[in-house]
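Thank you all for coming.

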Amino acid sequence: MKKIQAITAVFLFVAISGWSQNVTEGINIDSLLNEMSLIEKIGQLTLITSDWDITGPSLSNDYKELIKAGKAGAVFNAYTVDFVRELQKTAVEETRLKIPLLFGYDVIHGHRTIFPIPLGQAASWNLDLIRRSESVAASEATAEGINWIFAPMVDISRDPRWGRVSEGGGEDTWLTSKIGATRVNGFQGEDLSSNSTALACVKHFAAYGAPEAGREYNTVDISTTSLFESYLPPYKAGIDAGTGSVMTSFNEINGQPSTSNKWLLTDLLRDQWDFKGFVVSDYTSINELVNHGVAEDEKSAALLSLNAGVDMDMQGRAFLNNLEMLIAGDKISMQQIDQAVRRILIAKAKLGLFDDPYRYCNKKREKTAIMTKDNRILARKLVRESCVLLKNENNTLPIPDNVKSIAIIGPLGDSKKDMLGNWIAAGEWDKCITLKEGMVNRAGDLIKVTYNRGCGIDDANTSGFEEALKAARNADMVILALGEAGEMSGEAASRTNIDLPGVQNQLATMVMEAGKPTVAVLFNGRPLAISQLQASVPAILETWFGGTEAGNGIADVLFGDYNPAGKLTMTFPQNLGQVPIYYNHKNTGRPLDPERPDFKYLSKYIDSPNDPLYPFGYGLSYTTFKYDDLSANVEGGQIQISVNVANTGNRDGEEVVQLYVQDKIGSITRPVKELKGFQKLMIKKGESKTVQFTLTKDDLAFYHPDLTKSFEPGEFVVYVGGNSVETIQKLVLFD
Ligand code: BGC
């Protein structure tokens with residue numbers, strides 16, 4: 001492979017060992033920095049999109065010219081070996097200093113082999129599987145030229161109206177932190193210079209998941225303790241896991257947009273958290289400082305964000321257009337620019353790009369590493385583990401052996417395009433397995449499978465109902481395929497109504513007239529308000545958007561080849577009026593009292609219960625589990641917890657054993673319950689297992705209004721169970 005002579009020597013000594021290592025890098029990068037003109041430096045701070053994919057409001061047609069002029073240091077939305085090679089060649093052969101480009105992309109749940117949406121993956125509670133899926137995602141993306149992945153998104157959200165809940169780990173801070181760190185490890189692997197790992201980007205820093213009213217890009221207003229306690233830890237976990245980059249968020253915090261927030265990007269991220277990688281703005285978020293009303297024009301927006309700590313400008317060209325002027329006017333220093341450039345050059349060096357700028361442009365890997373059999377097997381496994389069984393009256397599922405005909409009815413039953421969900425990277429919808437295809441694959445000649453659409457996803461047309469009912473009457477069993485279209489969640493897809501769209505509830509009610517055992521299989525990117533469905537059908541399986549192998553994985557669950565064990569990581573409300581609703585809320589001064597249902601002056605509604613439809617951590621199995629013998633004792637300065645979990649049903653099954661804690665009395669109010677641990681384990685029918693957890697004082701420490709974090713001794717209630725509501729408990733004095 002051709003080396004870049006001018007600079008290879010400079011970088012040969014760059015160590016590839018973690019972001020905190022910078023001594024040798026400093027010396028070598030200094031010599032390159034010395035050679036660079038101001039505009040070449042600003043170029044390194046500029047990230048532009050190609051015209052291959054549209055992920056934001058402004059497009060670039062002149063990206064090739066910018067690269068050639070040395071005015072771009074990184075490109076996103078460009079992939080395939082040929083295309084990336086062409087752009088990289090321009091950078092390393094036609095620019096003066098031949099500095100290679102970074103290639104970024106939103107590989108959110110797979111690159112070509114698409115895995116379930118992240119919210120679905122979280123429901124697997126299987127960190128190892130999530131890590132392996134991200135390492136496949138990185139392996140496929142890097143086989144097509146990508147070396148920088150705009151994930152993980154670790155924004156905590158408690159509001160299902162917000163479409164981007166599909167991209168995160170759900171509502172829980174502790175679990176999302178674990179998942180975020182796992183994803184970073186999956187992308188970056190052990191060795192960032194390997195040609196199958198990529199730089200991660202923890203986003204969106206910070207608190208982007210708390211927009212008012214769940215409306216995309218809306219204002220965020222949260223208390224400082226809530227920010228530190230609930231929203232910030234997952235970003236910190238991603239940073240501690242070694243992410244090479246962090247992306248700012250569109251929202252404001254305490255009246256200051258993240259992209260111009262010096263407290264956030266410098267005092268906290270750099271000085272307190274010791275982050276060594278680089279910070280990229282979100283898509284035109286520097287320019288948007290003008291709309292936020294903190295900058296009068298693009299120039300002052302560029303000034304504010306560079307001063308705050310943004311190193312790279314995504315797509316807005318505010319740096320490109322203004323930093324020279326700002327230097328000339330002594331508004332910013334060369335030292336500031338050099339610092340940002342240095343961080344980006346270090347990332348390039350760690351990826352090995354100076355050694356071989358084409359290391360991610362290997363034609364052979366592009367042919368062999370993508371959509372492999374093994375990758376698809378892993379995707380199918382994750383589909384199965386992501387499925388959450390929400391209801392299963394009379395053991396409707398798994399499909400009994402005597403069923404000889406199945407009618408699949410509903411708009412999501414055979415829609416390849418919707419199987420991928422949103423943020424589909426280079427995913428190919430025509431290679432997806434739909435529910436119908438998965439069912440046919442599994443049923444073979446033994447069971448007749450028919451399909452009727454019944455209605456559209458989101459329209460008022462009921463003309464297909466009669467045919468659907470006829471099909472239901474003619475079958476032994478009915479599977480309703482209901483939910484949202486793939487593009488109804490994700491970015492810029494907030495909803496004010498989280499019911500099943502269109503006439504799907506009516507379709508379900510109509511089909512139930514056939515009196516057949518019926519299962520609703522749901523496809524959606526957010527918790528939906530499905531009380532009506534819960535009341536009308538005997539079984540409901542939540543499958544999210546499963547990606548390439550959706551149909552096969554769902555069929556595995558429906559037929560009982562796999563016993564479902566997924567558990568919700570976001571609360572499903574009974575109705576939209578309960579939103580935001582989350583399990584780890586505060587008690588309030590007038591909490592609901594089940595003993596006094598008619599007492600008026602309590603924290604409740606007059607027209608709805610407080611309880612959700614399905615709580616956090618909830619999910620059924622084809623078997624049943626019984627929890628007992630809980631002990632929680634303080635030994636050696638830690639709480640040692642032990643519980644017995646028995647499989648009391650007729651099948652082997654996995655259970656996610658969840659540990660929650662309540663700090664009974666604090667100097668400030670504490671949540672009613674907080675997840676502090678879990679174990680997913682297989683328990684054979686008739687067997688039981690002892691599960692143990694340990695809690696330290698650190699695990700129970702929390703932020704105080706002065707932002708110190710400490711443990712307060714006292715009484716704690718330890719809860720263990722298969723979801724956040726059905727638990728057994730023990731009181732412990734821990735001082
Ligand atoms: C999104 C980011 C994404 C970026 C690039 C933005 O609109 O908020 O999550 O990484 O676009 O596609």
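What follows is a short tour of this structure, starting with confidence.

Please keep in mind that this is a predicted model, in which local features need a pLDDT of at least 70 and side-chain atom pairs count only at pLDDT 80 or more, while totals for chains, interfaces and linings use all residues. Residues are numbered from 1 along each chain as its sequence is written, and side-chain values use heavy atoms, with hydrogens and water left out.

The pLDDT is the predictor's confidence in each residue, on a scale from 0 to 100. For the protein chain its mean is 95, and 96% of the residues reach 70 or more. When I speak of helices and strands, I mean DSSP runs numbered from the N terminus, with helices being H or I over at least four residues and strands being E over at least two. Among these elements, the lowest mean pLDDT, 36, belongs to helix 1 (residues 5-11), and the highest, 99, belongs to strand 9 (residues 278-280). Over residues 1-27 the pLDDT is below 50, and this stretch has 55 contacts in the model beyond near neighbours in sequence, where a contact means heavy atoms within 4.5 Å.

Let me turn to the empty space inside. Rolling a probe the size of a water molecule over the atoms shows where such space is left. A cavity here is a set of points, on a 1 Å grid over the protein atoms alone, where a 1.4 Å probe fits but cannot get out, and its lining residues have an atom within 4 Å of a point. Grid points are joined across faces, edges and corners, and a volume is the space filled by probe spheres set on the points.

How many cavities of 30 Å³ or more does this rule give? The count comes to three. The largest has a volume of about 100 Å³, and of the 14 residues that line it, the closest to its centre are Thr55, Asp106, Asp282, Trp423 and Glu491. Its lining has seven nonpolar, two polar and five charged residues, where Ala, Val, Leu, Ile, Met, Phe, Trp, Tyr, Cys and Pro count as nonpolar, Asp, Glu, Lys and Arg as charged, and the others, Gly among them, as polar. The second largest cavity, at about 40 Å³, has a lining that includes Pro152, Met153, Glu167, Thr176 and Arg183, and by class this lining divides into four nonpolar, four polar and two charged residues.

Next, some secondary structure. I call a residue buried under 20% relative accessible area, exposed over 50%, and partly exposed in between, with a 1.4 Å probe and protein chains only. In strand 11 (residues 388-392), five of the five residues are buried. This strand pairs with strand 16 (residues 539-542) in the antiparallel sense over four bridges, pairing being assigned if DSSP finds at least two bridges between two strands, and Lys391 has Ile540 of strand 16 as its bridge partner.

In helix 10 (residues 233-240), the buried residues are Pro234, Tyr235, Ala237, Gly238 and Ile239, and what covers them includes helix 8, strand 5, helix 9, strand 6 and helix 11. After helix 10 comes Gly242, with a positive phi near 100°.

Lys203 and His204 are joined by a cis peptide bond, with omega about -5°, and His204 is found in strand 5. The peptide bond from Phe205 to Ala206 is cis as well, with omega near 10°, and Ala206 is in the loop between strand 5 and helix 9.

Asn254, a residue other than glycine, has a positive phi near 55°; it sits in the loop between strand 7 and strand 8 and is exposed, at 60% relative accessible area. Thr588, not a glycine either, has a positive phi of about 70°, and at 44% relative accessibility it counts as partly exposed.

To finish, Gln256 lies in strand 8 and counts as partly exposed, at 27% relative accessibility. Leaving aside neighbours within four places in sequence, Gln256 is in contact with Asn251, Asn261 and Val294; Val294 is 38 residues away in sequence and 7.8 Å away in space, C-alpha to C-alpha.

Conventions: 1 Å grid on protein atoms, 1.4 Å probe; cavity = no way out; pocket = protein on both sides within 12 Å on 5 of 7 lines; lining within 4 Å.
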